[in-house]
Amino acid sequence: MKNLPGRKTEVKDAEWIAQLGRCGLIAPSYIPDSEVMQFHLLTRRLHSYKQRQTQVKNEIHNLLQRVNIKLTSCLSDIFSKTGQKLLNLFINGEIINIDNITTCMHGRIKATSKEILEAMNGKLSYEDRFLIEHSLSEYNMYQKLIGELNQK
């Protein structure tokens with residue numbers, strides 16, 4: 001679309017582009033059909049939900065690390081069934097002992113209940129429990145929304 005060298009003005013550029021358009025030398029813009037556009041919208045929303053969910057997970061990880069709770073050393077994912085049950089022990093203010101931990105263990109976990117008990121040896125304040133509870137409910141909300149979008 002470059003014009004000949006010389007003095008350039010907006011008007012001359014516009015005339016040159018119009019001339020190229022009249023001669024059919026400019027390729028038309030691609031405008032996707034409505035089905036593709038809807039798919040793009042859903043995909044962008046899904047990506048946004050996943051980013052927010054990751055932020056919430058990082059907040060919970062940071063809060064647990066700050067209060068010296070090292071669940072990540074025992075569990076590969078603290079948002080698994082076992083991890084969420086263990087987090088609920090904290091949220092509910094229950095006494096952390098081997099019996100409670102054993103009832104929360106689900107599936108194949110490499111760590112023993114004694115190792116998990118040592119990893120959970122931290123001190124959570126009321127405010128920390130409150131923050132974990134709300135962050136965990138937000139995480140579950142995003143899980144649900146991501147599942148709904150995947151079905152669409």
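Modeller: The conversation below goes through the model part by part.

Biologist: What should I know about the model before we start?

Modeller: This is a predicted model, in which local features need pLDDT of at least 70, side-chain atom pairs count only at pLDDT 80 or more, and totals for chains, interfaces and linings use all residues. Residues are numbered from 1 along each chain as its sequence is written, and side-chain values use heavy atoms, with hydrogens and water left out.

Biologist: Which residues touch the most other members of the largest nonpolar core?

Modeller: They are Ile60, Leu71, Leu86 and Ile116, in a core of 31 residues. A nonpolar core here is a set of buried Ala, Val, Leu, Ile, Met, Phe, Trp, Tyr and Cys residues joined through side-chain atoms within 4.5 Å. Buried means under 20% relative accessible area, exposed over 50%, and partly exposed in between, with a 1.4 Å probe and protein chains only.

Biologist: Which elements give two or more residues to this core?

Modeller: Those are helix 2 (34–66), helix 3 (81–91), helix 4 (98–104), helix 5 (113–119) and helix 6 (126–151). Helices are DSSP runs of H or I with at least four residues, numbered from the N terminus.

Biologist: What is leucine 86 in contact with?

Modeller: Leaving aside neighbours within four places in sequence, leucine 86 is in contact with Leu71, Leu75, Ile101, Cys104, Ile116 and Met120. Contact means heavy atoms within 4.5 Å.

Biologist: And threonine 82, buried or exposed?

Modeller: Threonine 82 counts as buried because its relative accessibility is 2%. This residue lies in helix 3 and touches Leu75, Cys104, Met105, His106 and Ile109, not counting residues up to four places away in sequence.

Biologist: Turning to helix 2, how many residues does it have?

Modeller: Helix 2 has 33 residues and reaches 48 Å from its first C-alpha to its last, close to the 48 Å expected at 1.5 Å a residue. The expected span is 1.5 Å times one less than the number of residues. Its buried residues are Leu46, Ser48, Tyr49, Gln53, Val56, Ile60, Leu63 and Leu64, and the buried residues of helix 2 pack against helix 3 and helix 6.

Biologist: What follows helix 2?

Modeller: Asparagine 68 follows helix 2, in the loop between helix 2 and helix 3. Its phi is near 70°, a positive value in a residue other than glycine. Most residues other than glycine have a negative phi. Asparagine 68 counts as partly exposed because its relative accessibility is 44%.

Biologist: At what angle do the axes of helix 3 and helix 6 cross?

Modeller: They cross at roughly 145° and come within 9 Å. Axes are lines fitted to C-alpha atoms, for helices over the stretch in contact, and angles run from 0 to 180 degrees between N-to-C directions. The contact is made by Gln84, Leu87, Asn88, Phe90 and Ile91 of helix 3 and Arg129, Ile132, Glu133, Leu136, Tyr139 and Asn140 of helix 6.

Biologist: How many disulfides are there in the whole structure?

Modeller: A search of the whole structure finds zero disulfides, a disulfide being a pair of cysteine sulfur atoms within 2.5 Å.
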